[in-house]
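Me: I am new to this structure and would like to learn how its features are read. Could you take me through some of them slowly?

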Amino acid sequence: MKLNVVCVYCGSSPGNDPVFTEVAADLGRLLAHGGTDIVYGGSSWGMMGAVADAALEAGGRVIGILPRGLASKEKAHPGLSEMHLVDSMHERKALMEKMSDGFVALPGGLGTLEELCEVTTWAQLGIHQKPIGLCNVAGYFDGFLSFLDHAVAKGFLSADHRRLILTENQPQALVDAMERFEPFVDKIWLDESEI
Ligand code: AMP
């Protein structure tokens, strides 16, 4: 299924290898050229700035979602197609989920991991049935992926739920895998108002 709006989770820092921001920019351009809007954290810095700048330059639509209180601290991007100011981090993440047809995580720190794990937990609970992609740039997430396999081996994560995180090394292959994704977790437990 064609993705009209993709949420990108990624570092507020650029990392210390230029390959990270280069791949972030590749993803931004790829989505823009494919007519896919981007929803993200709204910052002009780090990986986030790299995705947004490249997508805007390629003529794409980029939507930032930023908690009001953090707008100055987080170096809000001044040139976005839309900026939504919300009242809390929780509201931010809920709106990012609601506005998007799929999610991509690029390299980042705790914020990125938290967003990826949360949106995957929501998929696991059947709150949404949207594709989730992890772009494992230069093996950055190898340790995290091994940890997920360890969690399966130890009986804390089902092998099916492990499959919710589609993983590729580069953006085009990842977007292709996400567009092929067929939901396999039923919407059984909660709805969004119950999170
Ligand atoms: P981190 O990976 O810890 O750098 O956190 C990045 C993720 O958390 C992004 O996907 C954002 O949604 C959110 N976030 C953390 N710091 C910022 C920031 N300075 N500006 C905007 N969003 C941020």
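This is a predicted model: local features need pLDDT of at least 70, side-chain atom pairs count only at pLDDT 80 or more; totals for chains, interfaces and linings use all residues.

Me: How many salt bridges does the structure hold?

Reply: A salt bridge pairs a side-chain nitrogen of Lys or Arg with a carboxyl oxygen of Asp or Glu within 4 Å. The structure holds nine salt bridges, and one of them joins Arg29 to Asp26, with the closest N and O atoms 2.9 Å apart. Both residues belong to helix 1 (residues 18–33), where three residues, about one turn of the helix, separate them.

Me: Which residues are linked with Arg61 in a network of salt bridges?

Reply: The network links Asp37, Arg61 and Glu82. Between Arg61 and Asp37 the closest N and O atoms are 3.0 Å apart; because Arg61 lies in the loop between helix 2 (46–57) and strand 3 (62–67) while Asp37 lies in strand 2 (residues 37–40), this pair ties together parts that are 24 residues apart in sequence. For Glu82 and Arg61 the corresponding distance between the closest N and O atoms is 2.8 Å, and since Glu82 lies in strand 4 (residues 82–86), that pair ties together parts 21 residues apart in sequence.

Me: Is Asn136 buried or exposed?

Reply: A residue counts as buried when its relative accessible area is under 20%. Asn136 has a relative accessible area of 5%, so Asn136 is buried. This residue sits in the loop between strand 6 (132–135) and helix 5 (142–153), and its side chain reaches the backbone nitrogen of Tyr140 at 3.2 Å.

Note on methods. Residues are numbered from 1 along each chain as its sequence is written. Side-chain values use heavy atoms; hydrogens and water are left out. Helices (H or I, at least four residues) and strands (E, at least two) are DSSP runs, numbered from the N terminus. Buried means under 20% relative accessible area, exposed over 50%, partly exposed in between (1.4 Å probe, protein chains only). A polar contact is a pair of N or O atoms within 3.5 Å; within protein, one must be able to donate a hydrogen and the other to accept it, and residues adjacent in sequence count only if both atoms are side-chain atoms.
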